[in-house]
Amino acid sequence: MRGYVALMKLRVVELLLVTTVPVMILAAHGVPSLFVVACTLVGGTLSAGAANAFNMVLDRDIDRVMHRTRHRPLVTGALTPREAVVFASALTVLSTLVLGFGTTWLAAALSLAAIGFYVFVYTLWLKRRTTQNIIWGGLAGCFPVLIGWAAVTGSLSWAAWVLFAVIFLWTPPHYWPLSMRYKEDYASVGVPMLGAVASNTKVGLQTVLYAWATLACSLLLVPVAHMGPLYTAVALAAGGWFVLETHRLYARAVSGGEAAPMRVFHASIGSLSLLFLGVAIDPLLFH
């Protein structure tokens, strides 16, 4: 059982769900149906778990080599690849049914698209071929905001796409510092994550540019979704924190000091969580 749970990588799923519920509140202009929220969270968890399980099946060869992935269930032998594929397939079907019958079929279709994109576009096509892998592969992680919006409204609006773009721009500067931290791991298996193949100065500059773009995009939600002063203040503060940490990373890289990339990694998670907390609270106060 622990092996099956490990396949789903639930610690990663937590961050996806943090972005989903606030979007549902914004879409409903208040508190949405608790039944719809529950179905969206359950379906979203199962969907993301399916994508992660398929990913582990396809990456089991490099997981055996990389230090940080040597304890995954397909490496240790806790599960066989066949068991993992059956489990991932069952999660895919179940998540689609939960979202389709519990929310809307648009949300279910988006969930299937996210799984397909993560497995076929990111894992099979991009991950081992290009330093652009996480930029475009990260699109799969943007789908939860669309799924949450579609679950409530049955449609997609410009506000949902703005938040989609926020996560798209946020993902590279979130993940590149992690790849800097584990550059030896990625280099050992030939996976060209930018942090593993580029200089610290280049990676630092790219994180700065993307962090600024994330902040600018988050402020687009103010006119598009008529957000109030609370969201505006939170977006500026959280985005400013993220930008500041990326500038510090770049400055350390330029000076030749210790990069300390995990400061940016943790700041990215904290800033995104604060931003979506603002997304959730603002409609309850000002809409």
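This is a predicted model: local features need pLDDT of at least 70, side-chain atom pairs count only at pLDDT 80 or more; totals for chains, interfaces and linings use all residues.
In what follows, Ala, Val, Leu, Ile, Met, Phe, Trp, Tyr, Cys and Pro are counted as nonpolar, Asp, Glu, Lys and Arg as charged, and the others, Gly among them, as polar.

One cavity of 30 Å³ or more turns up when the whole structure is searched, and the largest cavity holds about 90 Å³ of space. Its lining consists of W170, A211, T214, L215, S218, A235, A238, G239, F242, S271, L272 and L275. Sorted by class, these lining residues comprise eight nonpolar and four polar ones, with no charged residue. Three helices each contribute at least two residues to this lining, namely α13 (200–225), α14 (229–255) and α15 (262–286).

Two of these helices also pack against each other. The axes of α13 and α14 approach within 8 Å, crossing at roughly 170°. Because angles over 145 degrees count as roughly antiparallel, α13 is roughly antiparallel to α14. Their contact involves 17 nonpolar and ten polar residues, and no charged ones.

Helix α13 has a further partner in helix α10, which spans residues 158–181. Here the axes come within 9 Å and the crossing angle is roughly 160°, so α10 and α13 are likewise roughly antiparallel to each other. The crossing of this pair is left-handed. In the contact of α10 with α13, 22 residues are nonpolar and five are polar, while no charged residue takes part.

Helix α3 (residues 34–58) packs with helix α7 (residues 105–126) at an angle of about 20°, their axes lying 9 Å apart. Since angles under 35 degrees count as roughly parallel, α3 is described as roughly parallel to α7. The two pass each other in a right-handed crossing. On the α3 side the contact is made by S47, A50, A51, N52, F54, N55 and L58, and on the α7 side by S111, I115, Y118, V119, Y122, T123 and L124. This contact of α3 with α7 brings together nine nonpolar and five polar residues, again without any charged residue.

Finally, the backbone deserves a look at two loop positions. Most residues other than glycine have a negative phi. K9, in the loop between α1 (2–8) and α2 (10–28), has a positive phi near 50° despite not being a glycine. H29 is another non-glycine residue with a positive phi, here about 55°, and H29 sits in the loop between α2 and α3.

Key
Residues are numbered from 1 along each chain as its sequence is written. Side-chain values use heavy atoms; hydrogens and water are left out. On a 1 Å grid over the protein atoms alone, a cavity is a set of points where a 1.4 Å probe fits but cannot get out, and a pocket is an open set with protein on both sides within 12 Å along at least five of seven lines; lining residues have an atom within 4 Å of a point. Grid points are joined across faces, edges and corners, and a volume is the space filled by probe spheres set on the points. Helices (H or I, at least four residues) and strands (E, at least two) are DSSP runs, numbered from the N terminus. Axes are lines fitted to C-alpha atoms, for helices over the stretch in contact, and angles run from 0 to 180 degrees between N-to-C directions. Angles under 35 degrees count as roughly parallel, over 145 as roughly antiparallel, 65 to 115 as roughly perpendicular and the rest as oblique. A crossing is left-handed if the near helix is turned anticlockwise from the far one by less than a right angle, and right-handed if clockwise. Contact means heavy atoms within 4.5 Å.
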